[in-house]
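Please read them with the sequence and the coordinates open beside you.

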Amino acid sequence: MRAAIARALTIGLWIAGILVPLATFALQPPPIRRIGMLVTGSSSVFTDAITDTMRELGYVEGKNVSIERRFADGNLDRLPALAAELVRLRVDVIVSQGTPATLVAKRATTSIPIVFCPLSDPVGVGIVASLARPGDNATGISLMASDLSAKRLELLRTVVPKVSRLAILWDSSNPGMALRVRETKAAADHSGLVLATVGPRNLEELEAAFVELMKQPPDALLVTTEPFTRRHLTRILDFASGHRIPTMFEDGSYVDGGGLMSYGPNLLEGYRRAAHYVDKILQGAKPADVPVEQPTKFELAVNMKTAKALGITIPRSIVVRAERVVE
């Protein structure tokens, strides 16, 4: 009898020894994943859009995910130190905004996954091997799309039919924009338009570029979307309005700020799509195997107030097509 009781106690303790750790393990909360954000500029629109979408996907900051935000405030020299900091923190994934930040992140780590958004030419600058099979540790959202530059020129000529001389303003320190300039030059040549390119890298060079442009004033000005032009948008628009030069941008937020027109992908939607890429990575997907996503929807925006100030009548066909009309 005593032996039977002893055996029962032994078996009970043995079972308890298994079940208690299992129960303890079951009660353990899921690990907190750490996301690093490397932002070339200073706007929180990028980080907020990703954070909001991550929340919709079940990632709640402070609960099951922590987010390390690092802003370069437009100073590209700060990016290496910020990227190194994220690497030291051993984040699970780095989300980079724009080409300069992504290039720096790629140099900082070959093991931590990188989700970039948005890039103009990830293949051309060497960030991925191809859009279909990125390779290495980076993937994300691209702004590459065929005929975008030609479409912008077509829309601009519809609004300003007599345009014959154009200028494109871009940050020549941003290698991701080189493809855009080449595409615009090819589209201008095809349309029989003269294109002048100016690539200032700081405010002093921007002022010098304006002086150079006015030696042969352009009929219209094309402006790329990047931290430099966003930071100096007010000065760019002051120059354009002061000389009554119509402006074409790539992002609708520039039109909200006073630009005449824009045509391009919805950047906010791109940011949100990047959050889904982060989710894939955290779920175990390898960046090398996740194709880079290209935009499929493009938005036209028009500022009617700016058009009136320039003495331009926007054709009804443009107004009807525009997703956004700023009155």
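1. Which residues does Thr109 touch, not counting residues up to four places away in sequence? They are Val87, Ile94, Ile114 and Asn137, where contact means heavy atoms within 4.5 Å. Thr109 sits in the loop between H4 and E4, the labels being DSSP runs numbered from the N terminus, with helices (H or I) of at least four residues and strands (E) of at least two. With a relative accessible area of 6%, Thr109 is buried; buried means under 20% relative accessible area, exposed over 50%, and partly exposed in between, with a 1.4 Å probe and protein chains only.

2. On provenance, this is a predicted model, in which local features need pLDDT of at least 70 and side-chain atom pairs count only at pLDDT 80 or more, while totals for chains, interfaces and linings use all residues. Residues are numbered from 1 along each chain as its sequence is written, and side-chain values use heavy atoms, with hydrogens and water left out.

3. Helix H4 (residues 98-108) is largely enclosed by the rest of the structure, because nine of its 11 residues are buried. The buried residues are Gly98, Thr99, Pro100, Ala101, Thr102, Leu103, Val104, Ala105 and Lys106, and the elements they pack against are strand E1 (33-39), H3, strand E3 (93-97), E4 and strand E5 (138-142).

4. H3 passes H4 in a right-handed crossing, that is, with the near helix turned clockwise from the far one by less than a right angle. At this contact Leu79, Pro80, Ala83 and Val87 of H3 meet Pro100, Ala101, Val104, Ala105 and Ala108 of H4.

5. Phe116, in strand E4 (residues 114-119), counts as buried because its relative accessibility is 0%. Setting aside residues up to four places away in sequence, Phe116 touches Ser96, Thr102, Pro122, Ile127, Val128, Ala138, Thr139, Gly140, Ile141 and Val292.

6. Leu143 lies in the loop between E5 and H5 and is buried, with a relative accessible area of 14%. Its contacts, leaving aside neighbours within four places in sequence, are Pro118, Leu119, Ser120, Leu148, Arg180, Pro265, Leu267 and Pro295.

7. An open sheet of seven strands runs in the order E7-E6-E8-E9-E10-E11-E12, with mixed pairing; two strands pair if DSSP finds at least two bridges between them. Its edge strands, each pairing on one side only, are strand E7 (194-198) and strand E12 (324-326), and the twist averages 20° from one strand to the next. E6 and E8 pair in the parallel sense over four bridges, E10 and E11 run antiparallel and are joined by five, and E11 and E12 run parallel and are joined by three. Gly264 has Glu299 in E11 as its bridge partner, and Asn303 has Val326 in E12. Five of the six residues of E11 are buried, so that strand is mostly covered.

8. H5 lies across E6, E8, strand E9 (247-249), E10 and E11, running at about 155° to E10, while helix H9 (residues 233-242) lies across E6, E8 and E9, running at about 150° to E9.

9. The largest nonpolar core has 31 residues, and those with the most contacts inside it are Val159, Leu166, Leu260, Leu300, Ile312 and Ile314; such a core is a set of buried Ala, Val, Leu, Ile, Met, Phe, Trp, Tyr and Cys residues joined through side-chain atoms within 4.5 Å. Among the elements that each supply at least two residues of this core are helix H5 (148-159), strand E6 (165-169) and strand E11 (298-303), and the largest share, five residues, comes from H5. Apart from this core lies another, of 25 residues, among them Val39, Tyr271, Tyr277 and Val290.

Note on methods
Axes are lines fitted to C-alpha atoms, for helices over the stretch in contact, and angles run from 0 to 180 degrees between N-to-C directions.
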